[in-house]
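Q: Please take a close look at the aromatic ring pairs in this one. I'd like the geometry and the surroundings in one connected story.

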Amino acid sequence: MNRHLLRRFLGRLGLYASVLLLVSPAVLFFLWMLSLSLKNELDNTAWPPVFIPNPPTLDNFIDVFAKNDFLTYTINSVIVSFSATGLALLFGVPAAYGIAKSKAQKAAALILIARVTPGLSYLIPLFLLFQWLGLIGTLVPLVITHLVITVPIVVWVMIGFFEGLPGELEEAALMDGANIWQAFLYVAMPLARPGITVAMILSFIFSWNNFIFGVVLAGRSTRTLPVAVYNVLTFEQISWGPLAAAALIVTAPVLLLTLVMQKEIVAGLTAGGVKGG
Amino acid sequence: MSATVASGPRAYGRRYWMFAVPAALIVLAVILFPWMFTLFMSVHDWKVTGETPFVGLDNYAKMLTDERFLSAVVRTLWFTTAAVVAPLLLGVWAAVCFASKFRLRGLARTLFVLPMMATPVAISLVWTMMFHPQLGVLNYILTSAGLPPSNWVYDTTTVIPTLVMVETWQWTPLVMLIVLGGIASLPTDPYEAAILDGANAWQMFRHITLPLVWPFIMVAAVIRLIDALKTFDTIYVITLGGPGTASETINILLYQTAFAYYDLGYASAMVVVFFVLILLISLLLLRVRQREDLR
């Protein structure tokens with residue numbers, strides 16, 4: 001083998017070793033999570049640890065739903081995340097269009113400030129406000145505060161998307177006598193559908209994952225899943241199997257969505273450096 | 001390039017700002033109102049019940065002598081520094097790896113991104129189980145490798161490094177994605193010239209890739225800085241600031257002050273100071289972005 005080929009071979013080997021080293025912490029972590037959730041309590045507290053559940057059991061998952069009101073929490077999470085995402089699209093997409101078309105850099109900067117502010121700084125005043133309004137214990141405060149996460153994500157992703165669209169088609173529509181609202185609704189919107197998908201997925205995921213707003217604002221029956229997993233399970237039972245099963249139930253929709261829509265998600269994340277909360 | 005709006009013949013008829021009015025109203029209600037109200041509360045002695053007398057800048061003065069707050073600030077800065085540097089180094093390395101073509105690259109990249117998409121509370125609970133000193137899988141791995149076991153988050157000296165490890169595991173993918181976006185936009189000719197000149201991989205990285213993607217690394221650094229300062233979920237779930245106050249960052253102390261001790265006035269003053277700190281850094285972010293836009 002000549003030197004050039006050897007160097008190439010070593011380079012490839014180094015690359016594969018690096019990728020393996022980088023990816024394995026993520027993969028092993030989620031496999032261990034799965035393993036914990038499929039083992040009985042005896043195996044979960046065994047030393048040395050039991051790695052492969054034998055036999056695997058679904059008891060932990062059944063336990064989670066049987067002993068707790070997990071169905072309610074799941075419904076709460078679905079309602080909150082879908083409402084917050086839907087409202088964010090309704091308000092955020094036109095806003096992003098307006099900002100992109102009028103090249104309002106200052107408005108874009110304002111969105112960035114929302115991205116930068118710690119969630120707790122909204123929570124103290126809003127907590128009092130919702131208390132005065134008697135809304136604590138309903139899902140309304142959760143939907144409203146989740147807008148703090150979802151609106152900036154939608155606006156930020158969509159500004160980039162609208163700026164990338166060619167303006168000629170809307171221009172032609174305007175020349176034909178359409179007003180800007182029609183140009184937006186019938187020309188720009190259909191073209192922006194891929195961008196809307198990205199914005200929708202990201203805003204849904206980060207709303208679903210949110211913990212801090214729920215921890216402060218949710219009542220006993222209005223907990224979202226992340227809050228329920230933390231509050232209910234860690235205090236009322238300390239066994240690892242059900243805890244891991246519950247954690248998996250909470251995060252499984254998000255992980256599946258990421259696996260299925262990886263291209264869209266990567267595109268959106270790269271564009272905005274988006275993160276909720 | 002989209003059609004120029006301002007110079008068009010019908011420009012005066014296109015009031016695009018109207019599209020932003022509903023969203024602006026929401027921002028005003030959910031973001032601006034809380035800010036104003038926080039400022040208002042920060043100059044009052046505000047508990048949840050009872051009178052709320054005006055106390056001027058007392059809450060701010062209290063911070064200067066509050067040992068617990070001051071150590072939280074120092075702790076936050078040390079946690080943040082480590083939680084920026086580690087993901088940055090690993091993220092650039094990962095981006096370089098994922099920029100080259102290899103089999104199953106798409107799958108590998110998706111798996112690598114999973115930690116940042118997963119629900120923070122869920123992964124925090126699993127990490128907590130892994131950190132268990134007697135039964136945790138991490139100590140099994142350490143002892144199997146012939147290393148001494150660690151007390152992870154149950155020891156005041158190891159708790160912050162352990163939390164930095166979780167943060168790094170979770171957020172290295174974001175750095176990777178941003179830097180990868182930068183590498184993808186690079187021209188290929190410098191590399192072709194370098195290969196002809198017999199440059200090796202390290203030389204190409206050091207003298208071509210690194211200078212060209214530097215603006216992207218800076219963007220990733222500032223985003224990471226802001227997120228690390230704001231870290232809440234993982235610390236709250238894994239340690240709740242403990243043991244003692246060994247991992248109590250500003251954000252955790254803030255939460256405790258407001259929602260465990262219900263000292264809303266003092267907590268509001270802390271929010272203001274914390275926000276100013278973050279805002280200074282976000283101005284840095286804007287500058288970096290502007291420079292990027294010029295390119």
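A: Rings of Phe, Tyr and Trp (its six-membered ring) pair if their centres lie within 6.5 Å; planes under 30 degrees apart count as stacked, over 60 as edge-to-face and the rest as tilted. By that rule, you get 41 aromatic pairs over all chains. Take F30(A) and W169(B): with 5.9 Å between the ring centres and 40 degrees between the planes, this pair is tilted. It's a pair that crosses between chains, with F30(A) sitting in helix α1 (residues 3–37) of chain A and W169(B) in helix α7 of chain B; helices here are DSSP runs of H or I, at least four residues, numbered from the N terminus. F30(A) and W169(B) are both buried, meaning under 20% relative accessible area with a 1.4 Å probe, protein chains only.

This is a predicted model, so local features need pLDDT of at least 70 and side-chain atom pairs count only at pLDDT 80 or more, while totals for chains, interfaces and linings use all residues. Residues are numbered from 1 along each chain as its sequence is written, chains are lettered from A and ligands numbered from 1 in the order written, and side-chain values use heavy atoms, leaving out hydrogens and water.

Now over to chain B, for Y16(B) and F19(B): their ring centres are 6.1 Å apart and the planes meet at 20 degrees, so this pair is stacked. Y16(B) is buried, at a relative accessible area of 3%, and F19(B) also counts as buried, at 7%.

Definitions and conventions. Helices (H or I, at least four residues) and strands (E, at least two) are DSSP runs, numbered from the N terminus. Buried means under 20% relative accessible area, exposed over 50%, partly exposed in between (1.4 Å probe, protein chains only).
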